[in-house]
There are 2 protein chains.
Amino acid sequence: VTVSALYQRYLEHLGGLHALSSALSLLGWDQETFMPPRGIENRAATRSHLAGLAHDGTVDPAFGELLDELAASGLDDVRAASVRETRRDRDRSVKVPRKLVTELSRVTAMAQQAWVTARKNDDWATFAPLLTQVVDLRRQEAEAVGYEAEPYDALLDQYEPDMRTAVLEPVFAELRPALVAMTAEIADRQNDVAADVLLGEWPVPAQEKLSRRLLDAMGFDFEAGRLDTSAHPFTSGASPLDIRLTTAYDPADPAKGIYSTIHEGGHGLYEQGLPTEHSGTPLGEACGLGMHESQSRSWENQVGRSRAFMDFLLPHIVDLFPERAVGLTADSLFAALNVVHPSLIRIDADEVTYNLHIALRFELERALFRGEIDVAELPDLWREHMTSDLGVTPTGDRDGVLQDIHWSFGAFGYFPTYTLGNLYAATLFRAAGDSLGDLDTMMARGDFSPLLGWMRDNVHVHGRRWSADELCRRATGRGLNCDDFLNHLRAKFGVS
Amino acid sequence: VTVSALYQRYLEHLGGLHALSSALSLLGWDQETFMPPRGIENRAATRSHLAGLAHDGTVDPAFGELLDELAASGLDDVRAASVRETRRDRDRSVKVPRKLVTELSRVTAMAQQAWVTARKNDDWATFAPLLTQVVDLRRQEAEAVGYEAEPYDALLDQYEPDMRTAVLEPVFAELRPALVAMTAEIADRQNDVAADVLLGEWPVPAQEKLSRRLLDAMGFDFEAGRLDTSAHPFTSGASPLDIRLTTAYDPADPAKGIYSTIHEGGHGLYEQGLPTEHSGTPLGEACGLGMHESQSRSWENQVGRSRAFMDFLLPHIVDLFPERAVGLTADSLFAALNVVHPSLIRIDADEVTYNLHIALRFELERALFRGEIDVAELPDLWREHMTSDLGVTPTGDRDGVLQDIHWSFGAFGYFPTYTLGNLYAATLFRAAGDSLGDLDTMMARGDFSPLLGWMRDNVHVHGRRWSADELCRRATGRGLNCDDFLNHLRAKFGVS
């Protein structure tokens, strides 16, 4: 057989797997948006069966042989990258025994349920035994997958290909003291009541209109996507031409809806910008969660929280919320939406303190998977870190170690991608500005198409062809670094 | 292996097929309700792949052997019925060559598109060649499936197990003259302007509220289902605990929303009443399309268009549409919602003339598959039948042979299930009344739970255990017949 016939077989096999992942994507989206509550049991069975079919199709030995043949067949760079990434994914699936997958799925389902109750009742003791099991299973998974330096690397690699503990350590070592110092300096000079200009009622129907206007302006294609609501905002998609965003509204706080929408909109623009001709293959997929988060974060923070953006946002607020807009100026809006304030809850954190929350989680996860600490020690260590880094101490575990759902479903190694996203966002945005000129004037006018065009050309279109670090380097001349992010904060908040 | 181990393997295999059909159900529902337009291509590919997996799982020879073993193993009646129906479905799938399935799928996709344009432009000539291909492929399918008397039987059997042309012929032969005579008699005495009391604007948000109230009163469980809108109302469901209804509203005509909702609500109540312990097996499925339609029709016509129902409906109209309700009485509402009037379009037809539209389609389909007529003759024959039976003649094919989408996707043998539904509805409703006593008083009060309970006990809970005719006989003492339906019309409209 010719190479091109082999490659055709490869594409057909991936097409079948893509059909399953498209169906799984819709089943997941519907479960969070429209599914009636009593449908959950059948939904879980349906998802589990389809996930099993996808696993079988992935580990299929004949598919493995096909990939080996292709890898040795002298493909051009683009096709070679596709096969390389498919093999990476398949290798991981082959290495993890099916029994371990099933057990993880069973235990994390229980742990998620237990977490909901434990958080509500501030009851760490009932959650801890299940979390211990989850950590133990994930440690087994890391051993099965293999690693060079330490088990935690095998978990990081799942969310951010090739990311290693040793790469993250200097990053957090640089960020932490810089952010702690910056937070203190900003707090000293900041107006504590800046956010009070947003007090009052913000009717949800008008918030919905605003969300649509924001996404329209950003360039989100509603013919190829939707916006709905769910308890926790997310983005999912079966293809670049069918991207589902969700957001959430708080009638007492417009920032929640605005920034949830812009954040998910950033994810959605990345997904809509992936090359459709490569749909269902790695070249049609986003390059890791860090780069994905760079897209949501650059729109949310570099764009949506900029002073220039306020000139665009204010007239919409005047139009949609006339009672709230009385006396509001672009400057007071900018101040209100950029209050820096150490707080207990990660998802409410501002742009400056956010990464301190991630640094804490990274330290605890690394220590856990090195066996340096036990699950039982997490609540106390959490309190210590919060006190030393952020200067605030949770009174209960509800606002401490129990605040995130992620560990309950085994997502260790995942949180660091949020910080990677913030760092890549700053570097990409700086380079876009260097290339496009006066971004502030464009943003103030609501003309976001040059920025989107730059991201399309330099990030979206490449899919998983390169690692995140190399993609960033090719786009900006610079790989992962803290400088661009810290400089962005220094310039924005006028600190040293 | 023991029989119970064999049966367990059978249930597991069906569980996998049910997961696929659950996913397909959601993919189909979403396509008609929420999918962004540009998602269609990936959606079609996804559905096609999953349908292929379901087909493979069904025709799997090992599954066939398992079914043979089970059939010979002396199962109890209930399990034997389950295996019998599964074999029936599988036999049909095995007999139709995959190539024919693919070809039908390809040609009907083209024919559906062509139909949309042809209907819009009143252009039969562009549609006819594709319809000829569809008829030819369906004839090949009938030959592949096999039949005793004539090819059309193999098509009927797909929608209504064991239904035959020879059974339907005397039914339509009895209905046709009776309905023609009845229509004339009613038209003579009916107030032509009865419907004018409904003129004016009916705001859609209030219509939505009314639909929810109606479904609530009927006993539809919104914890196990939803109501949305779509261009053509339908009911779909992945399990009795996740049933999706759609309806459609016309701001100038409340009847459209009311009866679409009640009709789909009847389908939905059947689905919600199927035994969850048998989900994914024939015992958890509805017993043919005729019985399904009996549930939607009995709620729509026997309940929703009854004089008693108007006493329940009127206060809701007064509450939700105060401007429209001025001067409206239960009697004038009853008259307005029961105007009998021969018309060109099936979906707009009243309770009396409706089955004349079906009789016409049955005659033409039977003649087509007997080879007595060609596709090219359909438009003229349509006009002739309409003129002779209903006394109205379509000026264009748009209001004639092109009005229904069904033939474009090959649904020959399907229309008769609508008439079967009307007949079973009348017989079941009569028996329910005999058993429950004064149904009118209950309906006037909005107390529909005794009726739903009777349908649950006598129809829903049995799934596909028996044929529709036997199910009806066991529930009512009487099988398929025209008397109950004709007597219902005679009593309601006071004709001979």
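Chain A holds 21 helices and three strands, where helices (H or I, at least four residues) and strands (E, at least two) are DSSP runs numbered from the N terminus. What we are looking at is a predicted model, in which local features need pLDDT of at least 70, side-chain atom pairs count only at pLDDT 80 or more, and totals for chains, interfaces and linings use all residues. Residues are numbered from 1 along each chain as its sequence is written, chains are lettered from A and ligands numbered from 1 in the order in which they are written, and side-chain values use heavy atoms, with hydrogens and water left out.

Let me turn to the chain as a whole. For 496 residues a compact globule would have a radius of gyration near 23 Å, and chain A, at 23 Å, agrees with that; the radius is taken over C-alpha atoms, and the globule rule is 2.2 Å times the number of residues to the power 0.38. Along the principal axes, the C-alpha atoms fill a box of roughly 70 × 50 × 50 Å. Of the 496 residues, 57% are buried, and here buried means under 20% relative accessible area, exposed over 50%, and partly exposed in between, with a 1.4 Å probe and protein chains only. If we take the contacts (heavy atoms within 4.5 Å) with a separation of 6 or more, 72% of them are between residues 24 or more positions apart.

Now to one helix, α2 of chain A, residues 40-59. Among the buried residues of α2(A) are A:R43, A:L50 and A:H55.

Next, the loops. Most residues other than glycine have a negative phi. A:D122, however, has a positive phi near 55 degrees; A:D122 sits in the loop between α5 (98-121) and α6 (124-145) and, at 29% relative accessibility, counts as partly exposed. A:D162 likewise has a positive phi, of about 70 degrees, lies in the loop between α7 (151-159) and α8 (165-189), and is partly exposed at 40%.

Finally, is A:G304 buried or exposed? With 0% relative accessibility, A:G304 counts as buried, in the loop between α11 (288-303) and α12 (307-320). Leaving out residues up to four places away in sequence, A:G304 touches A:Y259, A:I262, A:W299, A:F309 and A:M310. The C-alpha atoms of A:G304 and A:I262 are separated by 7.2 Å, although these residues are 42 apart along the chain.
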